[in-house]
Amino acid sequence: MSAAASIHELEETTTLKPETVEDESGTVSEREALDKLTTLSPAATSGPLIAIDLDDVLCQTNVAVAQWHNDTYGTEMKLSDFLYYYYWKNPYWGTPQETGAKVRDFYGTDRLYTTKPVPGAREGIQALKQLGFRLIIVTARYEDTADQSWKWVDHHFPGCFSSIICTGQFTDAHKTGHEVVTKLTKAQVCDDLKAVLLIDDSAENAYSCVTAKKPIATLLFGDYEWNKRMCTHADAKHDMSFEARSKLEGGREYWKDETVPVPEGAPLWRVRDWSETVRWIKARKEEGRFD
Ligand SMILES: [Mg+2]
């Protein structure tokens, strides 16, 4: 999620990333633990597995975040103001530190759990189930939000998922209720679970999955500004905030020059919404691509 990622990035500037503190045997045991803990849905079928991101693929997270920001700070933030995945690179947010404090305040509210599903998501998930796919949610949300996240998922998508996997965490793999927590990245989880496809709205996640040692086919979901350009760890500094950069660029719309193309030959495709997602997957299935 953009909100979780906005904090993750700040923490990772002072803390080693989870996968970098693991040696090979540590990663292997983490994978073994994940295998034991993960229950795939629906258990009764043996169809190919699709991993699905939660924020802004199933849940209208950035709509909720913008609404909260407007109510709290009297701004007029719109979804189209989310130009980049990391919030501090977008209008209204301030420095990375100010953004981190805001995101923590946002998490202190129940806004994330009262927001609606992305339009068409419910019908899309049902359609994928009817096509015989097993589905699992793979998210970067924090472990301490997992319980309420599960309640939201179970309310809006009853019977569609058995568990949520929270990736990139700082504790060893474990399971509480329906939530599985792991240090592994999304790419590692998808590889481990042999997912045939990841659906994610983040260009950063999509690029890291399609360029992994074992590439994961990925649908880059949503007609969103923030997945037209990329951010890196190096962006977590004051002069990368929207206000600082705008000043530096003399008001020029610099972000328009920072769009990224889909790398040639990579198993990465863009889909605008859920109906296009279902059409794309159905067509590939009919071609026998998931057999
Ligand atoms: Mg997301």
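Student: What share of the 291 residues of the protein counts as buried?
Tutor: The figure is 40% of the 291 residues. Keep in mind that this is a predicted model. It holds 11 helices and 8 strands.

Student: What share of the contacts with a separation of 6 or more comes from residues 24 or more positions apart?
Tutor: Such pairs account for 71% of those contacts.

Student: Let's turn to Lys194. Why is Lys194 called exposed?
Tutor: Lys194 has 10 other C-beta atoms within 10 Å. The cut-off for exposed is 12 or fewer, so Lys194 is exposed. You will find Lys194 in the loop between helix 8 (186-192) and strand 6.

Student: And why is Tyr92 called partly exposed?
Tutor: Count again: Tyr92 has 17 other C-beta atoms within 10 Å. Exposed needs 12 or fewer and buried needs 20 or more, so with 17 Tyr92 falls in between and is partly exposed. Tyr92 sits in the loop between helix 3 (61-73) and helix 4.

Student: What makes the phi of Tyr92 worth a remark?
Tutor: Tyr92 has a positive phi, about 85°, although it is not a glycine. Lys194 is not a glycine either, and its phi is positive at about 55°.

Student: Which residues of helix 4 are buried, and why are they said to line one face?
Tutor: The buried ones are Pro96, Thr99, Gly100, Lys102 and Val103. Seen down the axis of helix 4, they fall within an arc of 165°, so they line one face of the helix. On the other side, Ala101, Arg104 and Asp105 are exposed.

Student: Which residues touch the most other members of the largest nonpolar core?
Tutor: Ile50, Ile137 and Cys190 do, in a core of 48 residues. Strand 6 (residues 195-200) gives the most to this core, with 5 residues.

Student: What does Ile137 touch, leaving out residues up to four places away in sequence?
Tutor: Its partners are Ile52, Leu54, Val153, Phe161, Ile164 and Ile165. Each counts as a contact because the two C-beta atoms lie within 7 Å.

Terms used:
Residues numbered from 1 in each chain as written. Predicted model: local features only at pLDDT ≥ 70, side-chain atom pairs only at ≥ 80, totals over all residues. Helix = DSSP H or I, 4+ residues; strand = E, 2+ residues; numbered from the N terminus. Arc of directions from axis to C-beta. Core = buried A, V, L, I, M, F, W, Y, C linked by C-beta atoms within 7 Å.
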